[in-house]
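Here are my notes for a colleague who is opening this entry for the first time. The points go from the chain as a whole to single residues.

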Amino acid sequence: MAALTAPRTYAPAKIQLELPNQPCALAWVGDALVAATYDYVEAEGTRVGGLCLLQKNAENIAATLELRGGYALAPRGSQLAVATADGRVALVDVAETLTASTVSEPKGHLFTDVVWDGPDALIVAEGDSGRVSRWRADDGLVESQSWDAHAYAPGCPAEVWCVGRDPSTGLYVSGADDGLLKGWDLRAPKPALALRHGAGVTAVLCDDDAVATGSYDESVRLWDLRAPAAPTASVAVGGGAYALARDGDGYLAACMGAGARVLRAAPLAVAGVYDHHGSVVYGAVRHGASRRIASCSFYDRGVHVWSDE
(Lines give C-alpha, C1' and ligand atoms only; values in the text may rest on other atoms or scores of the structure.)
Protein backbone atom coordinates (compact mmCIF):
# COMPACT_ATOMS: atom_id res chain seq x y z
CA MET A 1 0.00 0.00 0.00
CA ALA A 2 1.36 3.44 -0.91
CA ALA A 3 2.17 5.78 1.95
CA LEU A 4 -0.42 8.46 2.63
CA THR A 5 0.67 12.02 1.84
CA ALA A 6 -0.03 14.57 4.56
CA PRO A 7 -2.21 17.49 3.43
CA ARG A 8 -0.44 20.73 2.63
CA THR A 9 -1.00 23.72 4.87
CA TYR A 10 -1.38 26.99 2.97
CA ALA A 11 0.01 30.39 3.93
CA PRO A 12 -2.29 33.19 5.16
CA ALA A 13 -4.00 35.15 2.41
CA LYS A 14 -2.38 38.37 1.26
CA ILE A 15 -5.87 39.76 0.59
CA GLN A 16 -8.07 39.79 3.69
CA LEU A 17 -11.19 41.96 3.77
CA GLU A 18 -13.87 42.73 6.34
CA LEU A 19 -17.31 43.15 4.76
CA PRO A 20 -20.15 45.36 6.02
CA ASN A 21 -22.27 42.27 6.80
CA GLN A 22 -21.65 38.60 7.54
CA PRO A 23 -20.83 36.55 4.39
CA CYS A 24 -22.39 33.12 3.96
CA ALA A 25 -21.66 32.33 0.28
CA LEU A 26 -19.30 33.37 -2.53
CA ALA A 27 -19.31 33.23 -6.33
CA TRP A 28 -16.88 34.34 -9.02
CA VAL A 29 -18.62 36.11 -11.90
CA GLY A 30 -15.91 36.67 -14.48
CA ASP A 31 -13.13 38.45 -12.60
CA ALA A 32 -15.49 39.84 -9.97
CA LEU A 33 -16.10 38.15 -6.63
CA VAL A 34 -19.60 38.41 -5.16
CA ALA A 35 -20.45 37.64 -1.54
CA ALA A 36 -23.94 36.94 -0.19
CA THR A 37 -24.26 38.64 3.20
CA TYR A 38 -26.77 38.35 5.99
CA ASP A 39 -27.18 39.97 9.43
CA TYR A 40 -30.11 39.62 11.78
CA VAL A 41 -30.68 42.77 13.84
CA GLU A 42 -32.30 41.23 16.91
CA ALA A 43 -33.29 44.50 18.57
CA GLU A 44 -35.28 45.49 15.49
CA GLY A 45 -36.33 42.01 14.33
CA THR A 46 -35.07 42.79 10.83
CA ARG A 47 -32.67 41.23 8.34
CA VAL A 48 -30.07 43.30 6.50
CA GLY A 49 -27.48 42.54 3.85
CA GLY A 50 -27.63 41.21 0.33
CA LEU A 51 -24.72 41.21 -2.09
CA CYS A 52 -21.25 42.70 -1.95
CA LEU A 53 -19.22 43.10 -5.18
CA LEU A 54 -15.43 42.94 -4.96
CA GLN A 55 -13.42 44.23 -7.91
CA LYS A 56 -9.75 44.97 -8.76
CA ASN A 57 -8.34 41.58 -7.77
CA ALA A 58 -11.01 41.34 -5.03
CA GLU A 59 -9.09 43.97 -3.04
CA ASN A 60 -11.89 46.50 -2.60
CA ILE A 61 -15.67 46.73 -2.33
CA ALA A 62 -17.03 48.16 -5.56
CA ALA A 63 -20.77 47.97 -4.86
CA THR A 64 -23.41 46.54 -2.55
CA LEU A 65 -27.04 45.57 -3.15
CA GLU A 66 -29.53 45.46 -0.28
CA LEU A 67 -31.84 42.44 -0.42
CA ARG A 68 -32.79 42.13 3.27
CA GLY A 69 -30.19 39.37 3.48
CA GLY A 70 -28.56 37.30 0.76
CA TYR A 71 -27.97 33.63 1.56
CA ALA A 72 -27.08 31.49 -1.50
CA LEU A 73 -25.75 32.18 -5.00
CA ALA A 74 -25.98 30.41 -8.37
CA PRO A 75 -23.89 32.08 -11.11
CA ARG A 76 -24.65 31.77 -14.81
CA GLY A 77 -22.67 33.95 -17.21
CA SER A 78 -22.85 37.52 -15.96
CA GLN A 79 -26.00 36.84 -13.92
CA LEU A 80 -26.56 35.50 -10.42
CA ALA A 81 -29.60 33.77 -9.01
CA VAL A 82 -29.84 34.67 -5.33
CA ALA A 83 -31.78 33.04 -2.48
CA THR A 84 -32.56 35.60 0.22
CA ALA A 85 -33.03 35.52 3.96
CA ASP A 86 -36.65 36.69 3.73
CA GLY A 87 -37.74 34.02 1.24
CA ARG A 88 -37.26 35.60 -2.16
CA VAL A 89 -35.47 34.65 -5.36
CA ALA A 90 -33.63 37.40 -7.23
CA LEU A 91 -31.90 37.56 -10.59
CA VAL A 92 -28.97 40.01 -10.43
CA ASP A 93 -26.82 41.31 -13.29
CA VAL A 94 -23.14 41.69 -12.38
CA ALA A 95 -21.01 44.31 -14.13
CA GLU A 96 -19.34 47.40 -12.66
CA THR A 97 -22.22 47.40 -10.21
CA LEU A 98 -25.05 45.06 -9.12
CA THR A 99 -28.52 45.37 -10.65
CA ALA A 100 -31.52 43.30 -9.61
CA SER A 101 -33.46 42.60 -12.81
CA THR A 102 -36.19 40.46 -11.19
CA VAL A 103 -37.12 39.80 -7.55
CA SER A 104 -39.96 37.57 -6.34
CA GLU A 105 -42.31 38.43 -3.49
CA PRO A 106 -41.06 37.42 -0.01
CA LYS A 107 -42.37 34.22 1.59
CA GLY A 108 -41.14 35.30 5.02
CA HIS A 109 -38.88 32.33 5.75
CA LEU A 110 -35.22 31.80 4.94
CA PHE A 111 -34.32 30.39 1.51
CA THR A 112 -31.11 28.42 2.03
CA ASP A 113 -30.04 27.29 -1.45
CA VAL A 114 -30.67 27.93 -5.13
CA VAL A 115 -29.31 26.13 -8.22
CA TRP A 116 -30.01 26.34 -11.94
CA ASP A 117 -32.07 23.52 -13.46
CA GLY A 118 -31.33 23.89 -17.15
CA PRO A 119 -31.27 27.26 -18.91
CA ASP A 120 -34.51 28.75 -17.59
CA ALA A 121 -35.48 27.16 -14.28
CA LEU A 122 -34.28 27.17 -10.67
CA ILE A 123 -34.55 24.83 -7.70
CA VAL A 124 -34.80 26.40 -4.24
CA ALA A 125 -34.36 25.03 -0.73
CA GLU A 126 -36.89 26.76 1.52
CA GLY A 127 -35.10 26.38 4.85
CA ASP A 128 -37.10 25.69 7.99
CA SER A 129 -40.36 25.25 6.06
CA GLY A 130 -39.05 21.82 5.04
CA ARG A 131 -40.05 22.51 1.44
CA VAL A 132 -38.37 22.52 -1.96
CA SER A 133 -39.64 24.56 -4.90
CA ARG A 134 -39.01 24.88 -8.62
CA TRP A 135 -39.20 28.25 -10.39
CA ARG A 136 -39.45 29.30 -14.03
CA ALA A 137 -36.95 32.04 -14.85
CA ASP A 138 -37.55 32.52 -18.58
CA ASP A 139 -39.95 35.46 -18.16
CA GLY A 140 -39.58 36.93 -14.68
CA LEU A 141 -39.69 34.52 -11.73
CA VAL A 142 -42.70 32.24 -11.28
CA GLU A 143 -42.92 29.37 -8.81
CA SER A 144 -44.11 26.38 -10.84
CA GLN A 145 -44.02 23.56 -8.28
CA SER A 146 -43.29 22.96 -4.60
CA TRP A 147 -43.45 20.03 -2.20
CA ASP A 148 -42.95 19.03 1.42
CA ALA A 149 -39.52 17.42 1.34
CA HIS A 150 -38.26 16.85 4.90
CA ALA A 151 -39.91 16.46 8.29
CA TYR A 152 -39.08 14.86 11.63
CA ALA A 153 -42.76 14.00 12.05
CA PRO A 154 -46.05 15.18 10.52
CA GLY A 155 -46.32 18.91 11.09
CA CYS A 156 -42.68 19.19 12.24
CA PRO A 157 -40.55 20.18 9.22
CA ALA A 158 -36.78 19.64 9.11
CA GLU A 159 -34.71 22.53 7.78
CA VAL A 160 -33.72 21.98 4.15
CA TRP A 161 -30.16 23.17 3.48
CA CYS A 162 -29.36 22.17 -0.08
CA VAL A 163 -30.81 21.12 -3.42
CA GLY A 164 -29.65 19.90 -6.81
CA ARG A 165 -30.46 17.66 -9.74
CA ASP A 166 -28.56 14.48 -10.57
CA PRO A 167 -27.84 14.25 -14.32
CA SER A 168 -27.38 10.48 -14.25
CA THR A 169 -30.89 9.72 -12.94
CA GLY A 170 -32.78 12.97 -13.50
CA LEU A 171 -33.76 12.98 -9.81
CA TYR A 172 -34.06 16.21 -7.88
CA VAL A 173 -32.16 15.93 -4.60
CA SER A 174 -32.48 17.70 -1.26
CA GLY A 175 -30.53 17.53 2.00
CA ALA A 176 -31.77 18.57 5.42
CA ASP A 177 -31.29 18.62 9.18
CA ASP A 178 -32.95 15.20 9.42
CA GLY A 179 -29.68 13.67 8.16
CA LEU A 180 -31.15 12.55 4.84
CA LEU A 181 -30.35 13.18 1.22
CA LYS A 182 -33.59 12.49 -0.65
CA GLY A 183 -34.06 11.93 -4.35
CA TRP A 184 -37.29 13.03 -6.02
CA ASP A 185 -39.08 12.00 -9.20
CA LEU A 186 -41.69 14.75 -9.42
CA ARG A 187 -44.20 12.35 -10.98
CA ALA A 188 -44.36 10.44 -7.66
CA PRO A 189 -45.53 11.74 -4.25
CA LYS A 190 -42.82 9.99 -2.21
CA PRO A 191 -39.02 10.16 -2.51
CA ALA A 192 -37.32 7.67 -4.81
CA LEU A 193 -34.49 7.29 -2.31
CA ALA A 194 -33.35 8.53 1.11
CA LEU A 195 -29.67 8.25 2.01
CA ARG A 196 -28.76 8.44 5.68
CA HIS A 197 -25.88 10.59 6.95
CA GLY A 198 -24.55 10.89 10.49
CA ALA A 199 -25.97 14.41 10.92
CA GLY A 200 -27.67 17.14 8.88
CA VAL A 201 -26.90 17.24 5.15
CA THR A 202 -25.67 20.76 4.48
CA ALA A 203 -24.30 20.61 0.91
CA VAL A 204 -24.95 18.71 -2.30
CA LEU A 205 -23.18 19.08 -5.61
CA CYS A 206 -24.40 17.17 -8.66
CA ASP A 207 -22.36 16.61 -11.82
CA ASP A 208 -21.71 13.91 -14.39
CA ASP A 209 -19.07 12.16 -12.26
CA ALA A 210 -20.88 11.86 -8.92
CA VAL A 211 -23.21 13.41 -6.42
CA ALA A 212 -21.11 14.88 -3.60
CA THR A 213 -22.60 15.61 -0.18
CA GLY A 214 -21.33 17.51 2.83
CA SER A 215 -22.67 17.04 6.34
CA TYR A 216 -22.47 18.33 9.89
CA ASP A 217 -20.98 14.89 10.63
CA GLU A 218 -17.69 16.31 9.27
CA SER A 219 -17.54 14.10 6.18
CA VAL A 220 -17.73 14.56 2.42
CA ARG A 221 -19.22 11.60 0.52
CA LEU A 222 -19.50 10.70 -3.16
CA TRP A 223 -22.54 8.80 -4.42
CA ASP A 224 -23.71 7.10 -7.61
CA LEU A 225 -27.49 7.42 -7.35
CA ARG A 226 -27.95 4.59 -9.86
CA ALA A 227 -26.52 2.28 -7.16
CA PRO A 228 -27.07 4.21 -3.91
CA ALA A 229 -26.72 1.49 -1.27
CA ALA A 230 -23.50 3.06 0.00
CA PRO A 231 -21.26 6.00 -0.95
CA THR A 232 -18.56 5.27 -3.48
CA ALA A 233 -16.08 7.26 -1.37
CA SER A 234 -15.96 9.22 1.88
CA VAL A 235 -13.41 11.44 3.62
CA ALA A 236 -13.31 13.14 7.03
CA VAL A 237 -12.69 16.87 6.73
CA GLY A 238 -12.35 17.91 10.37
CA GLY A 239 -15.40 20.17 10.54
CA GLY A 240 -18.96 20.42 9.31
CA ALA A 241 -18.82 20.38 5.50
CA TYR A 242 -21.13 23.36 5.06
CA ALA A 243 -20.52 24.08 1.36
CA LEU A 244 -18.93 22.34 -1.62
CA ALA A 245 -17.66 23.66 -4.94
CA ARG A 246 -16.25 21.75 -7.88
CA ASP A 247 -12.53 22.35 -8.37
CA GLY A 248 -11.25 20.71 -11.54
CA ASP A 249 -11.23 16.98 -10.85
CA GLY A 250 -11.68 17.59 -7.12
CA TYR A 251 -13.63 19.80 -4.74
CA LEU A 252 -13.35 22.74 -2.38
CA ALA A 253 -15.03 22.28 0.99
CA ALA A 254 -15.95 25.04 3.45
CA CYS A 255 -15.59 23.22 6.76
CA MET A 256 -16.90 25.71 9.36
CA GLY A 257 -14.52 25.70 12.37
CA ALA A 258 -11.93 23.64 10.50
CA GLY A 259 -11.38 26.22 7.74
CA ALA A 260 -11.33 25.41 4.02
CA ARG A 261 -10.16 22.15 2.46
CA VAL A 262 -8.88 21.34 -1.02
CA LEU A 263 -10.00 17.81 -1.91
CA ARG A 264 -8.73 15.57 -4.66
CA ALA A 265 -11.23 13.09 -6.02
CA ALA A 266 -9.25 10.02 -7.13
CA PRO A 267 -8.98 8.74 -4.50
CA LEU A 268 -11.08 11.14 -2.42
CA ALA A 269 -8.71 12.75 0.09
CA VAL A 270 -7.79 16.07 1.71
CA ALA A 271 -4.96 17.58 -0.34
CA GLY A 272 -4.62 20.88 1.51
CA VAL A 273 -5.86 22.95 4.43
CA TYR A 274 -6.44 26.70 4.79
CA ASP A 275 -7.06 27.49 8.47
CA HIS A 276 -6.42 31.23 8.81
CA HIS A 277 -9.99 32.50 9.24
CA GLY A 278 -11.12 33.88 12.59
CA SER A 279 -14.61 32.37 12.46
CA VAL A 280 -16.65 29.58 10.87
CA VAL A 281 -16.04 29.18 7.13
CA TYR A 282 -19.20 29.01 5.03
CA GLY A 283 -17.91 29.31 1.47
CA ALA A 284 -14.89 28.56 -0.76
CA VAL A 285 -14.66 29.00 -4.55
CA ARG A 286 -11.83 29.09 -7.10
CA HIS A 287 -11.32 31.64 -9.87
CA GLY A 288 -10.78 29.67 -13.05
CA ALA A 289 -8.19 31.84 -14.82
CA SER A 290 -5.99 33.01 -11.93
CA ARG A 291 -6.47 29.82 -9.86
CA ARG A 292 -6.94 31.93 -6.72
CA ILE A 293 -9.29 30.65 -4.05
CA ALA A 294 -11.69 32.89 -2.13
CA SER A 295 -13.15 31.78 1.19
CA CYS A 296 -15.42 33.53 3.66
CA SER A 297 -16.01 33.38 7.40
CA PHE A 298 -19.25 34.45 9.00
CA TYR A 299 -19.03 36.12 12.39
CA ASP A 300 -15.86 38.13 11.70
CA ARG A 301 -17.23 39.18 8.27
CA GLY A 302 -14.06 37.98 6.58
CA VAL A 303 -13.17 37.24 2.97
CA HIS A 304 -9.71 35.85 2.21
CA VAL A 305 -8.24 35.41 -1.29
CA TRP A 306 -5.36 32.94 -1.31
CA SER A 307 -3.33 30.52 -3.37
CA ASP A 308 -2.70 26.80 -3.08
CA GLU A 309 0.08 26.86 -5.69
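**Notes on the model**

1. The protein chain has an accessible surface of about 13,100 Å², and carbon and sulfur atoms hold 49% of that surface. Accessible areas come from the Shrake-Rupley method with a 1.4 Å probe, and for residues only the protein chains shown count as cover.

2. This is a predicted model, in which local features need pLDDT of at least 70 and side-chain atom pairs count only at pLDDT 80 or more, while totals for chains, interfaces and linings use all residues. Residues are numbered from 1 along each chain as its sequence is written, and side-chain values use heavy atoms, with hydrogens and water left out.

3. The protein chain contains 33 strands and 0 helices. Both are DSSP runs numbered from the N terminus: helices are H or I with at least four residues, strands are E with at least two. The radius of gyration, taken over C-alpha atoms, is compared with a globule rule of 2.2 Å times the number of residues to the power 0.38. At 18 Å it is close to the 19 Å that the rule gives for 309 residues, so the protein chain is as compact as a globular protein of that length. Along the principal axes, the C-alpha atoms fill a box of roughly 55 × 50 × 40 Å.

4. Strands count as paired if DSSP finds at least two bridges between them. Strand 23 is joined to strand 24 (residues 211-215) by 5 bridges, and Cys-206 stands opposite Val-211 in strand 24.

5. Strand 11 (residues 89-94) and strand 12 (residues 98-103) run antiparallel, joined by 5 bridges. They form a hairpin with 3 residues between them. Ala-90 has Val-103, in strand 12, as its bridge partner.

6. How many disulfides (cysteine sulfur atoms within 2.5 Å) does the structure hold? There are 0. For Cys-255, the nearest cysteine sulfur is that of Cys-296, 13 Å away. The sulfur of Cys-296 is 7.2 Å from its closest cysteine sulfur, in Cys-24, too far for a bond. Cys-255 is buried at 0% relative accessibility, and Cys-296 is buried with a relative accessible area of 0%.

Key. A disulfide is a pair of cysteine sulfur atoms within 2.5 Å. Buried means under 20% relative accessible area, exposed over 50%, partly exposed in between (1.4 Å probe, protein chains only).
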